[in-house]
Amino acid sequence: MMTTPAALVDLDRVDANLKRVATYARQHGLRWRPHTKTHKTPEFTALQLAAGAQGVTVATVREAEVMATVCDDVLLAYPPVGEDRLTRLMALPPQVRLTVALDSGEAMGKLDRAARMAGRTVGVLVELDLGMRRVGVQSPEDAIALAGNVAFGSGLEYRGITFYAGHLRLPQEKLGSAMREQSERLATFIEALTDSGLRPGTVSGGSTPTLWRSHDVTGLTEIRPGINIFNDRNAVSVGACAWDECAYSVLATVVSTTVPGQAVIDAGSKALAKEEGFTDTGVYGALLGKPEVLVRGLSEEHGLLDLSNTSWRPSVGERVRVVPNHACASVNLHDTLHLLRQGAWAGQYAITARGW
């Protein structure tokens, strides 16, 4: 019997999720470059490619190293600052078409030198800040300056622009005006770059919460959703998916029911990740099949199920499946993904791309 807590993935739901996004991308003429930070396994990358993905996105050099074993088109959506990162990047197999996202001349110069020394060409996407306020150049003039310098770097090739709209965490019906504002802001960059002879061949963006409105962003050529392969409670909360599209959950065992109004499970912050929800605070997940049962508290090895909105009363030893707020953060806490097919155990994948 499987020891809990254990990370579970429903392969039937994964298949349906991949088919849905592949169809959407094809209908709207968008390249699909999924972010592998969610699952961190080459096996799921292979499934995404088989479903129609045209390359992958990674956040770390470790992810790039692992995904390069199954994919020859990799975007590192993170500035590769540091000698160790650059050395490992340049050691990727020569057949891998490598692109990186940059927002500074300092990072660009060091990447250029590393690429020239390694005898390879590395593509660059200039990163824009369209409201996330995390990374990205702030003005079209800054984008032109950086893209112009890339164009003259002998080890680099300017391939376009990229952005991440992670700040747009609104219900689908309220996304319209925010997406229009994003599109208008993006257009100023595209127009300025084009007028300067630096038309971006690739305009890469997107997230799972905004995935199904990607076609509203004028000029977008590529989408990079990550979570949608598994989905999670946050995605449900903004209408990006339904509960029956959540493929990832954490199997847990009820270990105590002595405190009235709650049950305690053996999945705490070290299994679920202590991340607040998009739409509420103090909630860290919900039960699969019983979304009214919320995880209202977490310590390292304990999860507190709030039973105030349900007539269900679990017994000690009973097993439940928890959909965490954020699948990516939870997956990263486990060594193994246990696979289900039609409700039965169907094998396991080692989570090999953890680390940096």
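User: To begin, how much space lies in the largest pocket?
Analyst: The model is a predicted one. Its largest pocket holds about 1,000 Å³ of space.

User: How many residues line the largest pocket, and which lie nearest its centre?
Analyst: The lining is made up of 41 residues. Nearest the centre are His35, Lys37, Arg134, Tyr164 and His326.

User: Let us take His35, then. Where is its place, and is His35 buried or exposed?
Analyst: His35 belongs to the loop between β2 and α2 (42-51). Its relative accessible area is 9%, and because a value under 20% counts as buried, His35 is classed as buried.

User: Which residues does His35 touch, not counting those up to four places away in sequence?
Analyst: His35 touches Thr57, Val58, Ala59, Glu63, Arg224, Pro225 and Gly226.

User: And how far is His35 from Ala143?
Analyst: Their C-alpha atoms are separated by 24 Å, and the two residues are 108 residues apart along the chain.

User: Changing topic: what is the order of the strands in the open sheet of eight?
Analyst: The order is β2-β9-β8-β7-β6-β5-β4-β3, and the pairing is parallel.

User: Which strands stand at the edges?
Analyst: The edge strands are β2 (31-32) and β3 (56-58). Each has a single partner strand, so one side of each is left without a neighbour in the sheet.

User: What holds paired strands together in general?
Analyst: Strands of a sheet pair through backbone hydrogen bonds, in either a parallel or an antiparallel manner.

User: Over how many bridges do β2 and β9 pair?
Analyst: β2 pairs with β9 (residues 222-223) over two bridges, in the parallel sense. Within this part of the sheet, Trp32 stands opposite Ile223 of β9.

User: What about β4 and β5: how many bridges are there between them?
Analyst: β4 (residues 73-76) and β5 are joined over four bridges, again in the parallel sense. One of the residues involved is Leu75, whose bridge partner in β5 is Thr99. As for β5 itself (residues 97-102), five of its six residues are buried, leaving the strand mostly covered.

User: Where is Ala77, and which residues is it in contact with beyond its neighbours in sequence?
Analyst: Ala77 is placed in the loop between β4 and α4 (83-90). Leaving aside neighbours within four places in sequence, Ala77 is in contact with Thr57, Val58 and Ala101. With a relative accessibility of 23%, Ala77 counts as partly exposed.

User: Which strands does helix α7 lie across?
Analyst: Helix α7 (residues 175-195) lies across β7 (156-162) and β8 (202-205). The helix runs at about 150° to β7.

User: Is Gln182 of that helix buried or exposed?
Analyst: Gln182, which lies in α7, is buried, with a relative accessible area of 5%. Leaving aside neighbours within four places in sequence, its contacts are Leu130, Phe163, Ala165, Leu168 and Val217.

User: One more topic, the backbone. What is the phi of Gln342, and where is this residue found?
Analyst: Gln342 has a positive phi of about 55°, although it is not a glycine. Gln342 is found in the loop between β16 (336-341) and β17 (344-350). These two strands form a hairpin with two residues between them, and they pair in the antiparallel sense over five bridges. Gln342 is exposed, at 73% relative accessible area.

User: And what is the phi of Ala273?
Analyst: Ala273 has a positive phi of about 80°, and it is not a glycine either. Ala273 sits in the loop between α9 (269-272) and β12 (285-287). Ala273 is buried, with a relative accessible area of 10%.

User: Lastly, which residues does the cis peptide bond join?
Analyst: The cis peptide bond joins Thr4 and Pro5, with omega at about 0°. Pro5 is found in the segment before β1 (6-10).

How values were computed:
Residues numbered from 1 in each chain as written. Predicted model: local features only at pLDDT ≥ 70, side-chain atom pairs only at ≥ 80, totals over all residues. Heavy atoms only, no water. Pairing = 2+ DSSP bridges. Contact = heavy atoms within 4.5 Å. Axes fitted to C-alpha atoms, helices over the stretch in contact; angles between N-to-C directions. 1 Å grid on protein atoms, 1.4 Å probe; cavity = no way out; pocket = protein on both sides within 12 Å on 5 of 7 lines; lining within 4 Å. Points joined across faces, edges and corners; volume = space filled by probe spheres on them. Buried < 20%, exposed > 50% of the residue type's maximum accessible area, 1.4 Å probe, protein only.
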